[in-house]
Amino acid sequence: MLRTSAVATRRCFSTRPDGDYQFLHRSKIPMLHFQKSLPRLPIPELQNTCRKYLAALSPLLSAEAHARTAGIVKDFEGGIGRDLQERLKVRDSVNQHTSYISDPWFEMYITDRAPLPVNYTPLLGMKYPSTPPPTLPVQTANILITTARFLRALRAEYLTPEIFHMNAKTADSAFYQKIVQMVPQRFATYTSYAFKSFPLDMSQYQGLFSATRIPRQGKDRIFRAPKDPCHVVVLRKGNIYRLDVLDRDGNIEVPEVILGRVKRLLETSSQDPENPHPLGILTTENRNTWATLREHLESLSEKNRRGMEIVDSGIICLCLDDLSYGDLDVAARTRDHLYANGPNRWFDKSISVVVSSDARTTVQFEHSWGDGVAVLRYFNEVFKEISERPFITEGTVAQAPGDEAVEKLSFDLDEKLKTGIDEAKKRHKAVEDSLDINYMQSELVGKKLCKSAKISPDSMAQFAIQLAYAYLTGGTTATYESCSTAAFRCGRTETVRPATEATKKLCQVLLKKGPNDAATAEEAAMLRECSNRHNQLTKEAAMGQGFDRHLFALKDIAKSQGMALPDLYNDPAYALINHNVLSTSTLSTPAIEVGGFGPVVPDGYGIGYVIDAQRLGSIVTTYRAKRNGKEFVEALEKAAKEIRKILDVASKEGTK
């Protein structure tokens, strides 16, 4: 039996394992060795931002509208923009510990009152770690062990620093490691550059574990546990449980004990009835609505308050779903793990791991505290270890757990809370019904062919998206591609604008062609121009030289200092380019099977795509009332066929 309690505990029921088991890494280079010497995110020159902004608007506006906006931008650049730029530089100079975009970008997230699912909770779907796939207890226990090993390495600062190596062999080079260790920290980053190895910011890693976004009226806050919790929070059938993975001294329990606790929880929770009033559904609500209900919940009893402490401080949230999927049911899996099954989620947690009954695993994350770099590192580390070196196999014999190591939490609910839960269910169900998910996979295009044609694979995928939209509408629209600025201290993201004059021109040429028309050398040259332009925009964004975040920060300066909003921000062109109908993100890593996020505007498409050696795959989310996602993926498949013909021509040219 599980004890029913709302009191966090640190009890120990196992021997304490020693050695490498306790830490995922014991890096020779200190985890934060490069952090102090990372360059600060540069504030772009105002004239460059204005020029790039107008260039990005060019394919979206008529000549007349563009000329009108150019006049507004010129006035901004020569007038109020200069003042805002100087004020931004002053604010940046007194906040040397962070970046000019970090605080206002974070504020944007936590002041938005929109529900978290769909809007702010992306997912990364993991491939099966083995064939045949593991059973649910084995998969779950191995995930918990690797999570604990990652956590302990992070706490002890043993985690290997995040470094992008241009030459993969450098990562294991003893000479490289020796040199960068010898260099004082204030020079370490620049020394690493000499090896073409680029350290990345690790300030967001502190937000991975034992953290929760707490709803508050008008503005949420991020809670991070002041002590080192030993438990994870588990949801099943809408019920909430606490499961200890560390002992009272903070050491990881032995694998057999963790497996025993997982089995105990699975056995007992399978007998528990579906919770008619699951608290988790409230995390799908408008943030002010949830803030009111949470405050009321905690005011009802000490048991409720302590129960919420357990939830907030849990290392991660583990969501166990009694659902299974066939190998090809990608859309259903994405739907359930992205936004459905709200009663069995706690969307406020920084990291949630969803495991279905067939052991398919997905990582969700709340987006305000950080971006994909830290989450993807955790995701890849978990997949690598449970694939290559799992601590538990189907033959592992579980140890019987103590009753107090696994507990079911209970809460006192009154009619106000029950009514709030029922209303949240209805609202979330309406959102579920309004959303559609479609999946496409084409083996006509992939990295191998792109490289032989000297075309960037990411630019090819982005052009396919542009062409698909053109097939459906005949036109071009605002497009967003996220790009990390983690090469800088406290960097977050910048926007790449894939819709360019080059992509628009090639789309218009291809719209006039018949399905059986051959590709031409001219089209190959045009596609290469699209690629070159996209590569330049991506490089600029990664180096902090895009325009989106700069304009956002200047606008924030005006608002925060009580100034009148400049005409540039009231211009319809600014609203147009920020109404991102095509919101895109690449998910290309060997561990990812599926990935996705919701549309960012009601009439938009949320497009997560994967490119590997022989394949382009994409998950497309839409609101049914505004867009037809099925038609879009069909258009994307058509675009892949046309691009394949062009790549074949370009590839032949490349061999001459």
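Trainee: Which residues of H9 are buried?

Mentor: Burial is judged by relative accessible area, and buried means under 20%. In this predicted model, the buried residues of H9 are Arg 287, Trp 290, Ala 291, Leu 293, Arg 294, His 296 and Leu 297.

Trainee: What covers the buried residues of H9?

Mentor: The cover includes strand S5 (211-214), together with helices H10 (302-313) and H13 (415-434).

Trainee: How do I read the span of H9?

Mentor: H9 runs over residues 287-300, 14 residues in total, and reaches 20 Å from first C-alpha to last, close to the 20 Å expected at 1.5 Å a residue. Then look at the start of the helix. Asn 286 caps the N-terminal end of H9, with a side-chain oxygen 2.9 Å from the backbone nitrogen of Asn 288.

Trainee: Is H8 largely enclosed or largely open?

Mentor: Count the buried residues. In H8 twelve of the 17 residues are buried, so this helix is largely enclosed by the rest of the structure. Among them are Pro 255, Val 257, Ile 258 and Leu 259, and also the arginines Arg 261 and Arg 264.

Trainee: What do the buried residues of H8 pack against?

Mentor: Helix H5 (136-155) is one partner, and the others listed are strands S7 (231-236), S8 (239-244), S9 (317-321) and S12 (406-408). As for its span, H8 covers residues 255-271 and reaches 25 Å, close to the 24 Å expected.

Trainee: On to pockets. Which residues lie nearest the centre of the second largest pocket?

Mentor: Start with the volume, then the lining. The second largest pocket has a volume of about 320 Å³. Its lining has 16 residues, with Ser 102, Gln 206, Arg 224, Trp 369 and Arg 492 nearest the centre. By type, the lining divides into four nonpolar, eight polar and four charged residues.

Trainee: Which element gives the most to that lining?

Mentor: H4 does, with three residues. Helix H4 (102-111) and strand S6 (221-224) each supply at least two.

Trainee: What about the backbone of Cys 490? Where is its phi?

Mentor: Here's the general idea: most residues other than glycine have a negative phi, and most peptide bonds are trans. Cys 490 has a positive phi, near 60 degrees. It is found in the loop between strand S14 (479-484) and S15 and counts as buried, at 14% relative accessibility. Lys 196 has a positive phi too, near 55 degrees. Lys 196 lies in the loop between helix H7 (185-193) and strand S4 (197-199), and it counts as exposed at 55%.

Trainee: And which peptide bond is cis?

Mentor: The bond from Thr 131 to Pro 132 is cis, with omega near 0 degrees. Pro 132 is in the loop between strand S2 (123-126) and H5.

Trainee: Back to S15. Which side chain does Thr 495 make a polar contact with?

Mentor: Arg 549, side chain to side chain, at 2.9 Å. Thr 495 is in S15, residues 493-496, and is buried at 5% relative accessible area.

Trainee: Last one: how far apart are Val 633 and Asn 438?

Mentor: Compare sequence with space. They are 195 residues apart in sequence and 6.9 Å apart C-alpha to C-alpha. Val 633 is in helix H21 (residues 629-654), and Asn 438 is among the residues Val 633 touches, as are Tyr 439, Met 440 and Val 620.

Methods:
Residues numbered from 1 in each chain as written. Predicted model: local features only at pLDDT ≥ 70, side-chain atom pairs only at ≥ 80, totals over all residues. Heavy atoms only, no water. 1 Å grid on protein atoms, 1.4 Å probe; cavity = no way out; pocket = protein on both sides within 12 Å on 5 of 7 lines; lining within 4 Å. Points joined across faces, edges and corners; volume = space filled by probe spheres on them. Helix = DSSP H or I, 4+ residues; strand = E, 2+ residues; numbered from the N terminus. Nonpolar A, V, L, I, M, F, W, Y, C, P; charged D, E, K, R; others polar. Expected span 1.5 Å × (residues − 1). Buried < 20%, exposed > 50% of the residue type's maximum accessible area, 1.4 Å probe, protein only. Contact = heavy atoms within 4.5 Å. Polar contact = N/O pair within 3.5 Å; in protein donor to acceptor, adjacent residues only side chain to side chain. Lists of a residue's contacts leave out its neighbours within four places in sequence.
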